[in-house]
Amino acid sequence: MTDGRLGGSFRDPSGYLYRSGGTLYRQVDESYRENYDALFATGLYDELTAAGLLVPHAEKPLDRAHSAGAYRILEPRPIDFVSYPYEWCFGQLRDAALVTIEIQRRALARGMSLKDASAFNIQFHEGRPVLIDTLSFECYREGEPWIAYRQFCQHFLAPLLLASRVDVRLIRLFERYLDGIPLDLASRLLPRRTWCRFGPLLHVHLHARSLARFAQTPIRQSRLARPVSRTGHRGLIASLDGAIRRLSVSLGTTEWGDYERTHGYAEPDRAAKRALVAEYLEQVRPETVWDLGANTGEYSRLAAERGARVLAIDGDPAAVERSYQHVRSAGERGILPLWIDLTNPSPALGWGHDERRSLADRGPADLVLALALLHHLAIGNNVPLDAVAHYLSTLGRDLIVEFAPKADPQVQRLLASRADIFASYTPEGFERAFGERYEIRASVDVGSSGRRLFLMSRR
Amino acid sequence: MFRSGPDEIGRSWAIVARLTFAFLLASALAPASVYGYIDPLSGSAILQALAAGVLAGLFMLRSYWQRVKDVFRRFWHRDAE
């Protein structure tokens, strides 16, 4: 990653992120002095970092400042992998919302308040959501409304409501609306029965109408903008908290929900595959692993158990949800499940295409796992094998990949409803395509249908 | 024809009344300045102001009810010992 100011860090006059000598720093501007000092004086920093809700930092000498006007230079504890809300499953967004609420509750108790409630300020570290923007806090002034209320509703409540009451795939709207789902859009998309529940009615429907109604009204000119008491503030937080906790998604039976039962592996074959993957992992000893098509994370776990930090990527939101629920309930720290479609992965977004980075730009990993994936790309999505090889080689240095021939029942299922136009989809075609980009270090047959598991290293 | 009549007078008075009202509102006490780097948007602040009473009330009811339950629970446990 190049040194200099981070592309996405320019909206907040309180400070910004920059890289120097490969390390990430946060410059705190003089204008933020009072709030920064209060963060410590009130004991809020200690409370939040001890509870694992805020990312801790070390203060560095001012000679490392990036530009003039710096009050402090912070070196935050680094996050393993930066992910974005449009890559999260419902459970991840929900937990991020609840963490934000909890932080605001604790801040209020100590006389401070969040001045922004963006979902992009939450990152996952060791399996749990944490706030990364230390400069989000300001001193609370009694009577003032919560300035971050609209942002909270757009970034958290609206997408969670849409995911829960309409379709979980609507979380993807975040990719288009980087400041959260506009409330008027959410209001229009939500079913009419959401008007009957107090939370959605107030925080989305009426909120949307109020924003539209008073769009041209400067705040000072309206006597309607009466003071909001501290109790009113606490009531607002409690209401948002309750509204979110009441939401859930039914995992249903999506295509991959029943994967474990129908993926065509007999028990002994599966054990053999697991043992072989484990052996390959031990040969490579990767620190970072991207498990593509991870489903519920069975093989991600094999890598995490061996000390790797794993991204468990899958295109099915139900699979990612199951994977994440397992991570939370088992307290796993090495796995981050993400909802990404490999045939259309996260692009570079925002101002100058530089605020949110593409998937490939956030890599590469030491090792890529591509198990039971190839036929979905090559046959299910018509991607030529050499194109797959090329893309995978940009994502990681080493590769464990499984090739299933046309005779395999899974591949047969994909070919069942279409013409077989895949002349080069053969073991020889595969080895030729991948041999161009990779050096094949090992290959072993697994299962009774002719599948073969390869260990490769990028040339 | 000559268009002055009750309709016209009524409308003029309505305009005057509205302007007076607006002036009174504008000069009424406004809350402390709401500023920040993100656009606060008046609609958000107004909604909070209007709903604050209800939300505060609900919150206090919930806290009160929680306290009642806690007292009851402690009482019950003491009984059981």
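**Notes on the predicted model**

1. An aromatic cluster in chain A. Ring pairs join A:Phe403, A:Tyr425, A:Phe430, A:Phe434, A:Tyr438 and A:Phe454 into a cluster. The model is a predicted one, and the remarks below should be read with that in mind.

2. At 1% relative accessible area, A:Phe454 is buried. A:Phe430 is buried as well, with a relative accessible area of 0%. The ring centres of A:Phe430 and A:Phe454 are 4.9 Å apart and the planes stand at 55 degrees, so the pair is tilted.

3. Aromatic pairs overall. How many aromatic pairs does the structure hold over all chains? The count is 19. One of them is formed by A:Phe124 and A:Tyr324, whose ring centres lie 5.9 Å apart with the planes at 85 degrees, so this pair is edge-to-face. Here too distant parts of the chain are linked, with A:Phe124 in strand S7 (residues 122-125) of chain A and A:Tyr324 in helix H11 (residues 317-330) of chain A, 200 residues apart. A:Phe124 counts as buried at 5% relative accessibility, and A:Tyr324 is buried at 1%.

4. Charges over rings. Two arginines of chain A can be looked at together with phenylalanine rings. A:Arg356 lies over the face of A:Phe120, 4.0 Å from the ring centre. The charged end of A:Arg213 sits over the ring of A:Phe214, at 4.7 Å from the centre.

5. A buried salt bridge. Is the pair A:Asp408 and A:Arg451 buried or exposed? Both residues are buried. Their side chains meet in a salt bridge, with an N to O distance of 2.8 Å. The pair links distant parts of the chain, 43 residues apart: A:Asp408 is in the loop between strand S14 (396-403) and helix H14 (409-415) of chain A, while A:Arg451 is in strand S16 (residues 451-458) of chain A.

6. A salt-bridge network. Through shared partners, salt bridges join A:Glu47, A:Glu102, A:Arg105, A:Arg106, A:Arg110, A:Asp241 and A:Arg245 into one network. Over all chains the count comes to 36 salt bridges.

7. Two further salt bridges. A:Asp95 pairs with A:Arg94, the closest N and O atoms being 3.8 Å apart. A:Asp95 is buried at 13% relative accessible area, whereas A:Arg94 is partly exposed at 22%. The side chains of A:Arg306 and A:Glu305 also meet in a salt bridge, at 4.0 Å from N to O. In that pair A:Arg306 is partly exposed, with a relative accessible area of 33%, and A:Glu305 counts as exposed at 59%.

8. Helix H13 of chain A. Which residues of helix H13 (residues 385-395) are buried? They are A:Leu385, A:Val388, A:Ala389, A:Leu392, A:Ser393 and A:Leu395. Viewed down the axis of H13(A), these buried residues fall within an arc of 150 degrees, so they line one face of the helix.

9. Cysteines. A search of the whole structure finds zero disulfides over all chains. A:Cys196 is in no disulfide, and the nearest cysteine sulfur, that of A:Cys153, is 19 Å away. A:Cys196 is exposed, with a relative accessible area of 68%. A:Cys139, by contrast, counts as buried at 17% relative accessibility.

10. Helix H5 of chain A. A:Leu185 is placed in helix H5 (residues 183-189) of chain A and counts as partly exposed at 25% relative accessibility. Its C-alpha atom is separated by 31 Å from that of A:Arg106, 79 residues apart along the chain. A:Arg106 is one of the members of the network in point 6.

11. Chain B. This chain has two helices and zero strands. Of the 81 residues of chain B, 21% count as buried. The accessible surface of chain B comes to about 6400 Å², and 68% of that surface belongs to carbon and sulfur atoms.

Note on methods: Residues numbered from 1 in each chain as written. Chains lettered and ligands numbered in written order. Predicted model: local features only at pLDDT ≥ 70, side-chain atom pairs only at ≥ 80, totals over all residues. Heavy atoms only, no water. Buried < 20%, exposed > 50% of the residue type's maximum accessible area, 1.4 Å probe, protein only. Helix = DSSP H or I, 4+ residues; strand = E, 2+ residues; numbered from the N terminus. Arc of directions from axis to C-beta. Areas by Shrake-Rupley, 256 points an atom, 1.4 Å probe, with all protein chains shown as cover. Phe/Tyr/Trp six-rings, centres within 6.5 Å; stacked < 30°, edge-to-face > 60°. Lys NZ or Arg CZ within 6 Å of the ring centre and 35° of its normal. Disulfide = S-S within 2.5 Å.
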